[in-house]
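These are my notebook entries on a single structure. I record what I looked up and what I found, topic by topic.

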Amino acid sequence: MTAPDSLIDCDVHLPAPTPGTLLQEMAPHWREYFKAGTFQGTASLINSIYPPGAPTTSSDEVRAATSAQPGLRLVGMRDKADGIRSSGDAYFALLRENVLDQPGLEAAVANCYTALEGVRHPYLAADLATATNDWVAREWLARDPRLKGSIAVPVLFPEAAAKEVGRLAADAGFVQVLLPARSPEPYGTRRYWPIFAAAAEHGLVVALHFGGVVGIPPTSSGWPSYYIEEFVGMAQVFQAQVMSLLISGVFEEYPDLRISLCEGGFTWLPTLMWHLDKRWKGLRRDVPWVRREPSAYLRERVRATIQPVDAPPSPEPLLDIVSALGSDDFLLYASDFPHVHATAADEFVALLPANLRANVRSRTARSFYPRLTPQPALSR
Amino acid sequence: LIIDFDVHQAPPTPKHLFGRMSPRWQRRLEQFELRGPREAHYSVSGRFSTRADAWPEKGVPGSDLDLMREQLLDRYGINLAVLGTTLQIDAAAQPRDLGAAMTSAINDWTRSEWLDKDDRLLASICTPFEYGDAAVKEIERWAGDRRFVAVLFNGRTERPLGNPKYWPIFEAAERHGLPIEVHVAGIGGNLMTSVGLPTYYIENHTGHLQDMQTHVVSLVLEGVFERFPKLRVVLVEGGFSWVGPLKWRLDRSWQVLRDEVPHLSRPPSEYVSEHCWFTTQPMEEPPRAEQLTKLIEAGQLADRLLFSTDYPHWDFDAPDAVLTSGLDEALKTKIRSENARLLLGLQ
């Protein structure tokens with residue numbers, strides 16, 4: 001067993017490559033497409049999820065240190081898609097300092113969010129995903145074996161997404177598939193199942209992550225007015241997805257499917273569990289494949305990262321919520337670097353009893369992520 | 001004393017109600033029916049989503065006062081019940097003038113067929129709430145009748161409820177001391193969840209919780225309670241155990257993002273604590289009873305919960321079957337009647 005102080009950080013962020021950077025990886029016709037101005041990149045979409053100047057997006061330190069980096073769409077930076085091959089040294093230095101150099105750091109699962117779900121062109125979306133993943137592997141994962149990748153997929157085109165998952169399955173540096181929390185149809189809908197099938201087949205977790213630009217309003221009552229509403233409201237988006245996944249039968253269909261909820265909070269989960277379990281008693285004849293209480297599938301097959309903590313003023317109600325999750329093996333440590341939240345991850349972890357603290361810091365991730373479980377079979 | 005904050009009355013047939021409308025709209029409805037955005041079909045909701053035993057000999061569940069007395073008011077000793085018809089869901093999705101005509105007819109019918117016939121009945125004012133001017137007109141018609149105790153919205157609106165398009169209605173409600181009541185469901189022209197149309201009825205039904213959270217977030221962050229400091233909002237049938245955690249999330253997000261909402265002078269949770277009430281049905285049923293007590297404390301909800309049955313719907317909460325869990329007697333009294341009595345200013 002590893003040391004009790006070992007740490008697995010399940011949500012850190014990589015900067016997004018500019019279109020110019022990606023086009024280096026792509027077929028010549030896409031470069032023409034780009035030069036002609038037909039495709040200008042997804043920056044405006046990424047910025048709608050993580051506004052470059054917003055206090056939540058990154059600290060001033062990160063903004064300052066990375067603003068001179070060519071070829072990267074660093075979090076918090078507006079730059080031109082100039083086609084210069086990136087050099088992520090300054091960002092990597094920050095990543096090392098803030099994440100990789102943490103005592104006991106065993107692995108850090110990195111997400112590179114490029115808002116591909118906003119690209120409606122199916123072939124462009126697929127090729128952008130391929131280019132993004134290859135760039136992530138070469139530019140970032142190669143720098144430190146503890147840095148693990150998330151596979152970007154053209155999520156609106158599940159067959160192509162499954163193919164991309166299959167293409168990268170042999171690369172043990174990727175440990176999960178990244179889906180944005182917002183989608184135009186709930187993820188339990190059958191059209192998405194090829195993605196879940198591919199992930200389950202290859203021992204990859206599916207991460208639902210804060211974000212998504214999909215052309216439908218982010219609430220059931222249309223568009224809100226302020227970013228802070230979307231930020232707070234992302235918890236409701238996650239609730240809709242969890243509800244759909246638990247009811248759809250996808251966990252029965254794919255016994256190896258595992259879902260992690262990233263950057264959406266977790267304090268809303270007990271309410272959702274109780275309400276789904278209660279309604280399931282009255283409505284289960286409509287969904288007979290849900291053989292157990294929906295919360296049972298959640299505890300077994302879903303995990304959540306801890307950041308943002310959404311902490312109350314005093315710790316007791318938060319510990320009550322943690323206890324109401326009904327599992328000591330549910331929460332995953334996440335710094336969410338370089339994003340800024342009101343409560344530091346370590347502040348929350350320090351509140352937990354020792355056994356739970358060790359679970360959150362690394363044990364839960366190690367047993368949940370097949371590719372973080374020590375075993376000789378996979379190699380990079 | 002028991003006050004039931006959520007009971008659904010219905011006309012025996014829609015025609016019964018349409019007869020109260022002008023020939024123009026009667027003819028329109030005869031020829032083209034009720035239009036507006038249509039929801040997808042969800043199979044288990046059944047006709048009117050009601051209890052199987054709530055069908056009277058004639059008409060539909062909720063349309064027969066005698067049966068309502070027998071199954072609800074007399075049986076459980078309900079002292080006061082607040083009526084709100086689900087017909088408003090359709091009315092609010094109509095063209096403005098038709099919606100106005102329908103809601104006028106609904107309120108007239110509610111007065112003459114219900115409020116005038118049983119002293120235990122109160123009602124919410126139906127309005128075409130997507131159109132502020134028309135809605136305010138309808139509020140003015142009923143503000144003088146003390147038996148109309150709230151202004152009714154549905155949970156799925158065209159925009160989140162804090163949007164300035166709804167402010168004229170809030171202004172009128174505040175002026176007349178009427179709380180806003182937001183009842184789940186509705187046809188606002190958007191998709192049923194924040195991630196599109198779900199597949200199964202249980203998702204539709206559980207999704208009501210998220211709809212309600214959206215409105216609390218919007219009302220607070222748009223600064224509605226700064227602008228209308230006496231406005232009170234009752235969220236009906238959308239659960240309440242999420243209120244504490246949502247307050248924490250609002251406050252923590254505001255701590256970092258407050259530059260965007262300088263129109264707020266206080267932490268968001270304080271507006272929720274002061275301005276929002278929540279009904280109990282469908283009752284929260286955590287695995288351990290003390291979890292409920294703790295969440296009520298954490299959400300500061302002891303003075304904010306209002307008992308409701310949702311008669312005659314399938315997920316009806318009987319007064320003698322819920323409120324039996326580990327809650328202490330003083331809290332039960334507040335939930336059963338005291339909180340509603342204070343909210344409505346009743347003697």
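In which loop of chain A does A:D310 lie? I located A:D310 in the loop between β9 and α13 of chain A. I note at the outset that the model is predicted.

**Entry 1**
I checked phi at A:D310 and found a positive value of about 55 degrees, although the residue is not a glycine. I then looked up its accessibility: A:D310 has a relative accessible area of 3% and is therefore buried, the cut-off being under 20%. I also checked omega along this stretch. A:Q307 and A:P308 are joined by a cis peptide bond, with omega about 5 degrees. A:P308 is placed in the loop between β9 (302-305) and α13 of chain A.

**Entry 2. Backbone of the loop in chain B.**
I turned to B:D310, which is found in the loop between β8 and α14 of chain B. Its phi is near 70 degrees, a positive value in a residue other than glycine. B:D310 counts as buried, at 0% relative accessibility. I found a cis peptide bond here between B:Y311 and B:P312, with omega about 5 degrees. B:P312 lies in the loop between β8 (305-306) and α14 (329-344) of chain B.

**Entry 3. A threonine in chain A.**
Is A:T57 buried or exposed? I found A:T57 buried, with a relative accessible area of 1%. I placed A:T57 in the loop between α3 (43-49) and α4 (60-66) of chain A. Its side chain reaches the backbone oxygen of A:P51 at 2.7 Å.

**Entry 4. Salt bridges.**
I recalled that side chains of opposite charge can pair when their charged atoms come close. My search of the whole structure gave 40 salt bridges over all chains. One of the pairs I looked up is A:D320 with B:K294, whose side chains meet at 3.4 Å, N to O. A:D320 lies in helix α13 (residues 315-324) of chain A and B:K294 in helix α13 (residues 289-298) of chain B, so this pair joins two chains. A:D320 is partly exposed at 27% relative accessibility, and B:K294 is partly exposed at 40%.

I next examined pairs in chain B. B:K165 forms a salt bridge with B:E158, with the closest N and O atoms 2.8 Å apart. B:K165 counts as partly exposed at 22% relative accessibility, and B:E158 likewise counts as partly exposed at 37%. The side chains of B:R266 and B:E274 meet in a salt bridge at 2.7 Å, N to O. I read 22% relative accessibility for B:R266, which counts as partly exposed. B:E274 is partly exposed, with a relative accessible area of 42%.

Which residues does a network of salt bridges link? I listed B:D66, B:R69, B:D74, B:D118 and B:R120.

**Entry 5. Aromatic pairs.**
I searched the whole structure and found 25 aromatic pairs over all chains. B:W142 and B:F148 form a tilted pair, 4.7 Å centre to centre with 45 degrees between the planes. B:W142 counts as buried at 3% relative accessibility, and B:F148 is buried with a relative accessible area of 3%.

I then looked up B:Y201 and B:W314. Their ring centres are 6.5 Å apart and their planes stand at 55 degrees, so the pair is tilted. This pair links distant parts of the chain, 113 residues apart: B:Y201 is in helix α8 (residues 201-206) of chain B, and B:W314 is in the loop between β8 and α14 of chain B. I found B:Y201 buried at 5% relative accessibility, whereas B:W314 is partly exposed at 28%.

I also noted a cluster held together by ring pairs, made up of B:F129, B:F153, B:Y166, B:W167, B:F170 and B:F228.

**Entry 6. The second largest pocket.**
I looked up the second largest pocket and found a volume of about 360 Å³. Of the 21 residues that line the pocket, the closest to its centre are A:S335, A:F337, A:H339, A:A344 and A:A345. The elements that give two or more residues to this lining are β1 (7-13), α4, α5 (89-100) and α14 (345-351) of chain A. How do the residues of the lining divide by type? I recorded 10 nonpolar, 8 polar and 3 charged.

Methods
Residues are numbered from 1 along each chain as its sequence is written. Chains are lettered from A and ligands numbered from 1 in the order in which they are written. This is a predicted model: local features need pLDDT of at least 70, side-chain atom pairs count only at pLDDT 80 or more; totals for chains, interfaces and linings use all residues. Side-chain values use heavy atoms; hydrogens and water are left out. A salt bridge is a side-chain nitrogen of Lys or Arg within 4 Å of a carboxyl oxygen of Asp or Glu. Helices (H or I, at least four residues) and strands (E, at least two) are DSSP runs, numbered from the N terminus. Buried means under 20% relative accessible area, exposed over 50%, partly exposed in between (1.4 Å probe, protein chains only). A polar contact is a pair of N or O atoms within 3.5 Å; within protein, one must be able to donate a hydrogen and the other to accept it, and residues adjacent in sequence count only if both atoms are side-chain atoms. On a 1 Å grid over the protein atoms alone, a cavity is a set of points where a 1.4 Å probe fits but cannot get out, and a pocket is an open set with protein on both sides within 12 Å along at least five of seven lines; lining residues have an atom within 4 Å of a point. Grid points are joined across faces, edges and corners, and a volume is the space filled by probe spheres set on the points. Ala, Val, Leu, Ile, Met, Phe, Trp, Tyr, Cys and Pro count as nonpolar, Asp, Glu, Lys and Arg as charged, and the others, Gly among them, as polar. Rings of Phe, Tyr and Trp (its six-membered ring) pair if their centres lie within 6.5 Å; planes under 30 degrees apart count as stacked, over 60 as edge-to-face and the rest as tilted.
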